[in-house]
Amino acid sequence: MTFKKLISTTLGVANVLGLVLSAGAAPAGPLSQVIEGAKKEGTVTAKLVPGFSQKTMPRLEKEIKDKYGVDLTIKFTGSTRFVNDVSEAIMEEKAGAIPSYDLLTLSNHIAAANQAGVLEKVDWKPLLSEGTNPNVVHDHPLMRGGIVYDTAFFGLMYNSEKVKANEVPKTLADLANPKWKGRVGVMNTTTNWLRWSVVLGKDKVLSALQSILKNGAIQGAYVDLLNRYLLGEIWFCTISSEFIKNARAKGMPTAWQTLDFADVTEFALVVRKGARHPNAAKLVALYLASPEGVKLGIEEAKYGTLHYPGNHEHDIRAQNQKQGIPEVFSERKTEILEFYTSEEGRQLTKEITLLLQTGGGR
């Protein structure tokens, strides 16, 4: 080899090595930093929708390892009452205690938690993996830090053998029809009716509720109404669409009708401020909001989401669009979020509570 060729080859190798070293020395991107942080943390405590269980965590752990190369131990607890989770977080923050959970599931309660300063306001969009629907990220200032992995509609579930398709109620007021006397189940919590009052008007909603209750409607929480429905005591119930799968699994002929407007609730994951394992929490949240994570959730926890096709929530959205029913995302509407904690909202809560307690006799 001539001296000229030797110098040329040496310089070529040096250039390649320089490029490699330069690439290795480049600052890691946001997701890479989260992954490296999660590797060091190794574990995470998470409150997820109760369709999950500790038995399903090994699959979630394996899929996270396959996707991100991180070995995590996920300590699962089922979410039950979001308002209690926010209250606990606020108490811990005031006491200067380390959060009991790294990752929480919340809906509209994110706004109150943010106001109390107990959540990390994560910028999720730079962290999203390819294929993740960017609409899963909450952009509203009051809801910052939330990433959606589960959605549900609040509307009407009904027995399709007892009720003819052309007779199915289309509005809340239709449930007061005397022909349905004693056959209707109504949610007895106020949050749903508060947001309906913002969308449809207070007088319209209170009047409809009063008429429905006086028509012999049965009141209850979601599980109470589902049980009464499965026993055949009621043919209709205002309920979350996530319970359709429960009814059908029990062999009950069940269909869905959205009333007045498509009332969408989004269940989002949030990271506690001061969490022991913040990076591991972010990684779990990112995975569950991704297409692969949604597939796992549909199969293991039996929930759905309108943000991705191939599940009952997306099918309901298609049905609503075919019927020309507008959607309202309460977690993305300023007037609804602010109404929950306003003085007017508190007064209406008392009025709705009294109406439900007296069976419509206000």
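Analyst: What follows starts with the basis of the values and then turns to the ring pairs and the loop.

The model is predicted, so local features are taken only where pLDDT is at least 70 and side-chain atom pairs only at pLDDT 80 or more, while totals for chains, interfaces and linings use all residues. Residues are numbered from 1 along each chain as its sequence is written, and side-chain values use heavy atoms, with hydrogens and water left out.

A pair of aromatic rings is described by the distance of the centres and the angle of the planes. Here rings of Phe, Tyr and Trp (its six-membered ring) pair if their centres lie within 6.5 Å, and planes under 30 degrees apart count as stacked, over 60 as edge-to-face and the rest as tilted. By this rule there are 10 aromatic pairs. One of them joins Phe52 and Tyr303, an edge-to-face pair with 5.8 Å from centre to centre and 75 degrees between the planes. This pair links distant parts of the chain, with Phe52 in the loop between β1 (43–48) and α3 (57–68) and Tyr303 in the loop between α11 and α12, 251 residues apart; helices (H or I, at least four residues) and strands (E, at least two) are DSSP runs, numbered from the N terminus.

Phe52 has a relative accessible area of 3% and is therefore buried, where buried means under 20%, exposed over 50% and partly exposed in between, with a 1.4 Å probe and protein chains only. Tyr303, at 3% relative accessibility, counts as buried as well. The ring of Tyr303 also pairs with that of Tyr149: the centres are 5.7 Å apart and the planes stand at 90 degrees, so this pair is edge-to-face. Because Tyr149 lies in strand β5 (residues 147–159) and Tyr303 in the loop between α11 and α12, the pair ties together parts that are 154 residues apart in sequence. Tyr149 and Tyr303 are both buried.

Lys302 has a positive phi of about 65 degrees although it is not a glycine, and because its relative accessibility is 45%, it counts as partly exposed.

Elsewhere, Phe154, Trp193, Trp196 and Phe261 form one aromatic cluster. Asp260, in the loop between β9 (254–257) and β10 (262–272), has a phi near 65 degrees, again a positive value in a residue other than glycine. With a relative accessible area of 25%, Asp260 is partly exposed.
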